[in-house]
Amino acid sequence: MNFLDLGPFSRASGTIKLPGSKSISNRVLLLAALSQGVTVVHDLLASDDTHVMLEALRTLGVQWEQPGDGSTIVHGVGGNFPVKQATLFMGNAGTAIRPLTAALALNRGDYHVSGVPRMHERPIGDLVDGLRQIGARIDYTGQPGFPPLHIHPADAQLNQAPIRVRGDVSSQFLTALLMAAPLLRASGDGVEILVDGELISKPYIDITLRLMSRFGVQVQRDGWQRFMVPGAAQGNGYRSPGAIHVEGDASSASYFIAAGAIGGGPVTVEGVGRDSIQGDIRFVDALEQMGANITLGEHSIVAHGVSTKHGKLRAIDMDFNHIPDATMTIAVAALFADGTSCLRNIGSWRVKETDRLAAMATELRKLGADVEEGADFLCITPPSIFCGNAAIDTYDDHRMAMCFSLASLGGVPVRINDPGCVAKTFPDYFAEFGRIVD
């Protein structure tokens, strides 16, 4: 089916068990593959993006199996992929192609890496530049600065000169370099990585560092500008923790938490809570500033409607550099606010699965909102009455589809085009959303 009609709805309540985090899942799969030993991964996200990573690892000679009990068993290769020549298709999975590219560049093999057409429009040049600084040999086979890539066998002796990388385009470039650095035969203090400019999405780097620690590599950092990664020569290669649990996806939680606030609740999401390692848990702080009633448990979050006298969310003006993915949910929640909301410092939206700034502005206007789109901000004035029967285009972007489902709580029907794009991270999203709304 190429569209899905939702609503009109006015209430939301119920309980949702979250799927595993995409960011954690793909990091864990690669770390487990690069480790010594066998890792049992519990609650791995089952989605297009993790499927892409799993199939790429299998192609590279990494053995894994899923015995049917909800676990994925990964047999680590100790930092050395057995297959030295391969062609890898990475779809539109940024969390897969970028870290894997860095690992392949240090693996002394011959690899061709590509993705869907949109992936070939998403920048990777800053990562390639960083890898070239230590002797990696990577060619662009299409437009310079973008996939597809041809990765050649690295020189016999890669150097450990400090790696400089921009921090203001995508935090995934730094994540990729951090995760690959322990594969170097570094001497002395290890590998130094320096960040030029402001580092965006810092909470995602924190996820990377925490997971590397779980696999035995402790990274030292000086603020968010300098990172020291021990190399394999110091006996600090990756080691399996034995078993690891994947938290529920905090970005996916945002849709249901917002639904509970807009639709009265209570809506409970299980699988993520106050101690989450995911930065997107801070979405709760923003929604609370908008007047939502939210209770954080150890492994759950409950949204109970709003506390404002007029029953609407409050308009906000905030910097959302730290949680760009979850901010898309705030953009749609702004339709239910009492004035103009401004979402700032979200320029990274331009290089995601689609140009999310342009896409979000276009689709919000279909619902009657007045939207000002800047280079790195959106200001959203909600309509006095929602435009009914809006057909929301999703641009093959899972988060566009999921966040605009919330518009159906505005008392008008909403059509979501290409709803199947949610398979990237949450294949059952619309079935779960349908269980809590009426």
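Tutor: The discussion below takes helix pairs, sheets, a loop residue and a disulfide in turn. This is a predicted model, in which local features need pLDDT of at least 70, side-chain atom pairs count only at pLDDT 80 or more, and totals for chains, interfaces and linings use all residues. Residues are numbered from 1 along each chain as its sequence is written, and side-chain values use heavy atoms, with hydrogens and water left out.

Student: At what angle do the axes of helix H1 and helix H3 cross?

Tutor: Helices (H or I, at least four residues) and strands (E, at least two) are DSSP runs, numbered from the N terminus. Axes are lines fitted to C-alpha atoms, for helices over the stretch in contact, and angles run from 0 to 180 degrees between N-to-C directions. Here the axes of H1 (residues 22-34) and H3 (residues 94-105) cross at roughly 25° and come within 10 Å. Angles under 35 degrees count as roughly parallel, over 145 as roughly antiparallel, 65 to 115 as roughly perpendicular and the rest as oblique. H1 and H3 are therefore roughly parallel to each other.

Student: Is the crossing of H1 and H3 left-handed or right-handed, and which residues meet?

Tutor: A crossing is left-handed if the near helix is turned anticlockwise from the far one by less than a right angle, and right-handed if clockwise. H1 passes H3 in a right-handed crossing. With contact meaning heavy atoms within 4.5 Å, Lys22, Asn26, Leu30 and Leu34 in H1 meet Thr95, Ala96, Pro99, Leu100 and Ala103 in H3. The residues of this contact divide into six nonpolar, two polar and one charged. In that classification Ala, Val, Leu, Ile, Met, Phe, Trp, Tyr, Cys and Pro count as nonpolar, Asp, Glu, Lys and Arg as charged, and the others, Gly among them, as polar.

Student: How do H4 and helix H5 pack?

Tutor: H4 and H5 (residues 171-180) have axes 9 Å apart and pack at an angle of about 30°. That makes H4 roughly parallel to H5. Their crossing is right-handed. Asp126, Leu127, Gly130 and Leu131 in H4 meet Phe173, Ala176 and Leu177 in H5, a contact with five nonpolar, one polar and one charged residues.

Student: What is the angle between the axes of helix H9 and helix H10?

Tutor: The axes of H9 (residues 324-333) and H10 (residues 356-366) cross at roughly 20° and come within 11 Å. H9 and H10 are therefore roughly parallel to each other. The contact is made by Asp325, Met328, Ala331 and Val332 of H9 and Arg356, Met360 and Leu364 of H10. By class it has five nonpolar, no polar and two charged residues.

Student: What is the strand order in the open sheet of four strands?

Tutor: Strands of a sheet pair through backbone hydrogen bonds, either parallel or antiparallel. Two strands are taken to pair if DSSP finds at least two bridges between them. The order here is S6-S7-S9-S8, with mixed pairing. Strand S6 (85-89) and strand S8 (137-140) are the edge strands, each pairing on one side only. S8 and strand S9 (residues 149-152) pair in the antiparallel sense over four bridges, and tyrosine 140 has leucine 149 in S9 as its bridge partner. Helix H4 (residues 125-132) lies across S8 and S9, running at about 150° to S8.

Student: Which strands pair with S13?

Tutor: Strand S11 (residues 191-196) runs antiparallel to S13 (residues 226-229), joined by four bridges. Strand S12 (residues 220-222) also pairs with S13 in the antiparallel sense, over three bridges. Methionine 228 in S13 is the bridge partner of glutamate 192 and of glutamine 220. In the hairpin of S12 and S13, which has three residues between the strands, glycine 223 takes a positive phi near 60°.

Student: What does valine 77 touch?

Tutor: Valine 77 lies in the loop between strand S5 (71-75) and S6. Not counting residues up to four places away in sequence, valine 77 touches Ala33, Ser35, Gly61, Val62 and Pro82.

Student: Which cysteines form a disulfide?

Tutor: A disulfide is a covalent bond between the sulfur atoms of two cysteines. The criterion is a pair of cysteine sulfur atoms within 2.5 Å. Cysteine 342 and cysteine 379 form a disulfide, with their sulfur atoms 2.2 Å apart. The torsion about their S-S bond is about 115°, so the disulfide is right-handed. Cysteine 342 lies in strand S19 (residues 341-344) and cysteine 379 in strand S21 (residues 377-381), so the pair ties together parts that are 37 residues apart in sequence.
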